[in-house]
Amino acid sequence: MSQNAILFIPDISGFTEFVHHTSINHSRHIISELLELLIDNNTMGLELAEIEGDALFFYKMSDGSEMSSLDNQIEKMYVAFHAHLKRYEYQRICQCGACSSAYNLKLKFVVHYGEIEFIKVKNSKKPYGSNVIQVHRLLKNEVPVDEYALFTENVKEIDKTAKEVITATYDFGDISFSYNPLKPLRAKLPEVHPIPDDVPKHKLFDETEIINLPINDLYEVISNFDYRLLWNKGIDKLEYEKNKVNRVSEKHKCLFNKNDDVEVTTISKKVEQNQLVYGETTSDVPFTKRFNSYFVLEEMEDGKTKLNIEAFADFKPFGIIMKPLLKSKLNANISESIKDLMLLIDSGFSPNETVDP
């Protein structure tokens, strides 16, 4: 039995083809985060029919009275999408092709209205019919801007003398649609502040090693929690959000000695232009108010990477008397972790290998 429905597709575009495995993995995670964000900002009660690569296909049974809510729904999703990408501009830690170009991603919407039927596949009910085909065909169009909301004549009454109107011919026939450029909505994006450069006062560790791995691969091994247990000495278990790109303010938990639970936050700091830095901070180290560690990577001409590891702390009152003991423990623990990291790399390990976290 046919019923009228709003058909609604947000579609992400802008990633080029990446060759490096890190960029491919991170582009997949970034798109996944963005699709989840769009789903979370569904305020109209739209039903999710399919996740279609870089797009979502929503529908909602409707008598047409809710069309006035579409502009607000599109604005909500668009602003959330670009606020998230703005954080990549200021808070990313990775410089791979995907992370460094994420701010170039674009979002468009195609909205149609008409009769649909449903087809049942196993236990799933999916929208079906000519209007479902039409809304997908309309993703390919001649709209002259990158980001827009396209509304067919079934959705909004169209003044065909208006500038933002197109009549196009598809395999199902001619259809007219209007479009709203979305770029003006960027004025509504919230402020995202640059990364603060706030290093604790007391340096506890400073050591440099040459690692036989290109800088981007080594950075992925260090910053990706999937690989942490392979080389980081003393950690028994990691709790973190999988399938998400690590960035500034991301939190994870480390379990030390079976029962010491430490919450850690990803940070960064300013380094030279030819360097990458990955940092972490925690307030759970005994006798300290704050403990920061940094991995500073610098590319060398022979494909190797100079790795400098630093650790700093601010102490609680009278905690400074424990500084020598803390330095000694750090020296033993970090030095062993560096050795394990070098052994891992020398064994031929590559960060595109699948590991069991």
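Predicted model: local features only at pLDDT ≥ 70, side-chain atom pairs only at ≥ 80, totals over all residues.

User: Let's start with a strand: how many of the seven residues of β3 (residues 55-61) are buried?

Analyst: Residues are numbered from 1 along each chain as its sequence is written, and side-chain values use heavy atoms, without hydrogens and water. Helices (H or I, at least four residues) and strands (E, at least two) are DSSP runs numbered from the N terminus, while buried means under 20% relative accessible area, exposed over 50% and partly exposed in between, with a 1.4 Å probe and protein chains only. Strand β3 is largely enclosed by the rest of the structure, because its buried residues number six.

User: Which glycine takes a positive phi in the hairpin of β2 and β3?

Analyst: Strand β2 (residues 47-52) runs antiparallel to β3, and five bridges join them. Isoleucine 51 stands opposite leucine 56 of β3. Two residues lie between the strands of this hairpin, and the one with a positive phi, near 65 degrees, is glycine 53.

User: Now the open sheet of seven strands: which of its strands stand at the edges?

Analyst: The order is β9-β15-β14-β13-β12-β11-β10, with antiparallel pairing. Two strands have a single partner each, so one side of each is left without a neighbour in the sheet: β9 (202-211) and β10 (235-239).

User: By how many degrees does this sheet twist, on average, from one strand to the next?

Analyst: Axes are lines fitted to C-alpha atoms, for helices over the stretch in contact, and angles run from 0 to 180 degrees between N-to-C directions. On that basis the average twist from one strand to the next is 25 degrees.

User: Which residue of β11 is the bridge partner of lysine 237?

Analyst: β10 and strand β11 (residues 251-256) run antiparallel and are joined by four bridges. For lysine 237, the bridge partner in β11 is leucine 255.

User: At the other end, how many residues of β15 are buried?

Analyst: β15 pairs antiparallel with β9 over nine bridges, and with β14 over 11 bridges. Among the paired residues, glutamate 209 has leucine 307 of β15 as its partner, and glutamate 299 has threonine 305. β15 is largely enclosed by the rest of the structure, because the buried residues among its 11 number 10.

User: Which helix lies across β9, β14 and β15?

Analyst: Contact means heavy atoms within 4.5 Å. The helix lying across β9, β14 (288-299) and β15 (305-315) covers residues 323-346 and runs at about 15 degrees to β9; this is α6.

User: What is the relative accessibility of lysine 316?

Analyst: Lysine 316 sits in the loop between β15 and α6. Leaving aside neighbours within four places in sequence, lysine 316 is in contact with Phe287, Thr288 and Lys289. Lysine 316 counts as partly exposed, because its relative accessibility is 41%.

User: Is phenylalanine 318, in that loop, buried or exposed?

Analyst: Phenylalanine 318 lies in the loop between β15 and α6. Its phi is near 70 degrees, a positive value in a residue other than glycine. At 71% relative accessibility, phenylalanine 318 counts as exposed.

User: Which element gives the largest share of the lining of the largest pocket?

Analyst: On a 1 Å grid over the protein atoms alone, a pocket is an open set of points where a 1.4 Å probe fits, with protein on both sides within 12 Å along at least five of seven lines, and lining residues have an atom within 4 Å of a point. The largest pocket holds about 970 Å³ of space, and of its 32 lining residues the closest to the centre are Phe256, Val285, Phe291, Leu330 and Asn333. β11, β12 (260-267), β13 (275-282), β14 and α6 each supply at least two lining residues. The largest share, eight residues, comes from α6.

Note on methods:
Pairing = 2+ DSSP bridges. Points joined across faces, edges and corners; volume = space filled by probe spheres on them.
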